[in-house]
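This report is meant to be read beside the sequence and the model.

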Amino acid sequence: MENGEKKKIILSCIQPTGTPTLGNYLGALRNWKALEEDFYSYFAVADLHAITVRQEPKNLREQILRTYALLMAIGLDPEKSTLFIQSHVPAHSQLAWLLSCNTQFGELSRMTQFKDKSKTHPDNINAGLFTYPVLMAADILLYQADCVPVGDDQRQHLEIARDIAVRFNGAYGNVFKIPEAYIGKNGARVMSLANPEKKMSKSDANKNAFISILDEPNVIMKKFKRAVTDSEAKVRYAEGKDGINNLMGIYSCITGKSYEEIEDEFDGKGYGDFKVAVGESVIAELEPVQKRFNELMNDRAYLKDCYELGAQKANHFSARTLNKAMKKMGFLLN
Ligand code: TYM
């Protein structure tokens with residue numbers, strides 16, 4: 001950030017649907033931490049998004065708190081950033097309704113995530129699953145975010161948020177800033193360890209396919225040792241070597257080494273050595289996060305103070321945008 005330049009705004013959210021994975025961490029959370037210093041930052045647990053898939057209430061409640069604690073455990077600072085829980089800020093649902101009346105059925109039908117999730121949950125293709133990107137647009141536009149740090153899988157949702165904002169501004173006058181996606185060069189798409197053509201996902205039925213941020217060191221190592229690779233037995237980044245490419249991406253992200261440096265480091269060594277090195281780097285990276293997470297979960301009163309402060313700050317800021325949008329649309333404000 002240049003001297004005297006006004007700080008820009010970033011916002012991003014994560015769903016509390018299970019423990020975040022190494023994909024969430026490298027694709028998003030780690031960037032949030034890196035950007036926090038230079039931006040006005042809003043980070044939320046997107047609990048309203050989570051109910052587009054059926055959740056067990058007791059489990060959801062615990063998962064919301066755990067996800068919030070994890071955001072703090074990776075080092076996000078509730079004083080510096082606004083760290084909040086989406087459902088604590090009613091403006092999200094309110095703006096989502098205004099925006100859904102400015103979003104076309106056709107454009108929502110094109111969302112690949114909706115098509116994918118409809119296939120995995122054929123018994124529960126609810127309206128919320130369909131309008132999910134509108135709620136996400138509301139999350140972003142409410143805070144006048146300049147930039148949204150996400151993994152590659154959210155690219156299409158960011159595009160529709162921009163389209164909705166442009167359309168709304170065109171129809172009613174300037175209300176929303178048009179946000180840009182921030183997608184890191186490395187780690188934007190961490191792949192499954194069991195099927196490296198597929199994205200690593202916390203909802204994968206195969207537990208060996210993903211590393212959870214809270215996996216114990218021996219579990220992490222075991223999963224890396226089992227990771228699917230190829231028969232060439234040469235550590236090099238190349239087309240058709242999806243498994244090795246994925247492990248190289250992870251290792252590069254964590255150690256900061258380039259692919260050439262990694263190739264040199266493992267020249268003449270087999271996949272076994274390489275997998276152990278990747279496992280060790282991930283274990284060392286996650287160890288302080290896990291330690292801090294356990295401390296925080298033992299201090300629920302402190303967590304409550306933090307999310308209450310977050311709600312207060314988020315409510316304050318978002319109300320301004322919501323009021324402006326309502327006024328422009330012709331509502332009689334009281
Ligand atoms: P969610 O909860 O699925 O994931 C949170 C973040 O992690 C990124 N991510 C990945 N990055 C790299 N490799 C992977 N395998 C991987 N899997 C997940 C996601 O891109 C995301 O950045 N719709 C969002 C949550 C959301 C949101 C928002 C995000 C709700 N409102 C407003 C940004 C702005 C989601 O389901 O993320």
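What follows describes a predicted model.

**Overall fold**

In this predicted model, the protein chain has a secondary structure of 13 helices and five strands. Its radius of gyration is 21 Å, close to the 20 Å that the globule rule gives for 334 residues, and the chain is therefore as compact as a globular protein of that length. Of the 334 residues in the protein chain, 51% are buried.

**The ligand site**

Around the ligand there are 27 residues, of which Gln-15, Tyr-132, Asp-139, Asp-153 and Val-190 come nearest. Strand S1 (8-14), helix H1 (22-36) and helix H7 (127-141) each supply at least two residues of the shell.

| Residue | Protein atom | Ligand atom | Distance |
|---|---|---|---|
| Tyr-132 | polar side-chain atom | nitrogen | 2.6 Å |
| Asp-153 | polar side-chain atom | oxygen | 2.4 Å |
| Val-190 | backbone N or O atom | nitrogen | 2.8 Å |

The protein covers 96% of the 720 Å² of accessible area that the ligand has on its own.

**Cysteines**

How many disulfides does the model contain? With a disulfide taken as a pair of cysteine sulfur atoms within 2.5 Å, the count comes to zero. Cys-306 illustrates the point, because its sulfur is 18 Å from the closest cysteine sulfur, that of Cys-13, which is too far for a bond. Cys-306 counts as buried, since its relative accessibility is 5%, whereas Cys-101 is partly exposed, with a relative accessible area of 48%.

**Loops and backbone angles**

The loop between H7 and strand S4 (147-149) holds Asp-146, and Gln-144 is found in the loop between H7 and S4 as well. Asp-146 is buried, at a relative accessible area of 16%, and Gln-144 is also buried, at 15%. From Asp-146 to Thr-321 there are 175 residues in sequence, while the C-alpha atoms of the two lie 14 Å apart in space.

Most residues other than glycine have a negative phi. Against that background, Gln-144 has a positive phi of about 55° although it is not a glycine. Ala-233, another residue other than glycine, has a positive phi near 60°. Where does Ala-233 lie in the chain? Ala-233 is found in the loop between helix H9 (217-226) and helix H10 (242-255). Is Ala-233 buried or partly exposed? Because its relative accessible area is 45%, Ala-233 counts as partly exposed, whereas Gln-144, with its relative accessible area of 15%, is buried.

Notes:
Residues numbered from 1 in each chain as written. Predicted model: local features only at pLDDT ≥ 70, side-chain atom pairs only at ≥ 80, totals over all residues. Heavy atoms only, no water. Buried < 20%, exposed > 50% of the residue type's maximum accessible area, 1.4 Å probe, protein only. Near = heavy atom within 4 Å. Polar contact = N/O pair within 3.5 Å; in protein donor to acceptor, adjacent residues only side chain to side chain. Areas by Shrake-Rupley, 256 points an atom, 1.4 Å probe, with all protein chains shown as cover. Helix = DSSP H or I, 4+ residues; strand = E, 2+ residues; numbered from the N terminus. Rg over C-alpha atoms; globule rule 2.2 N^0.38 Å.
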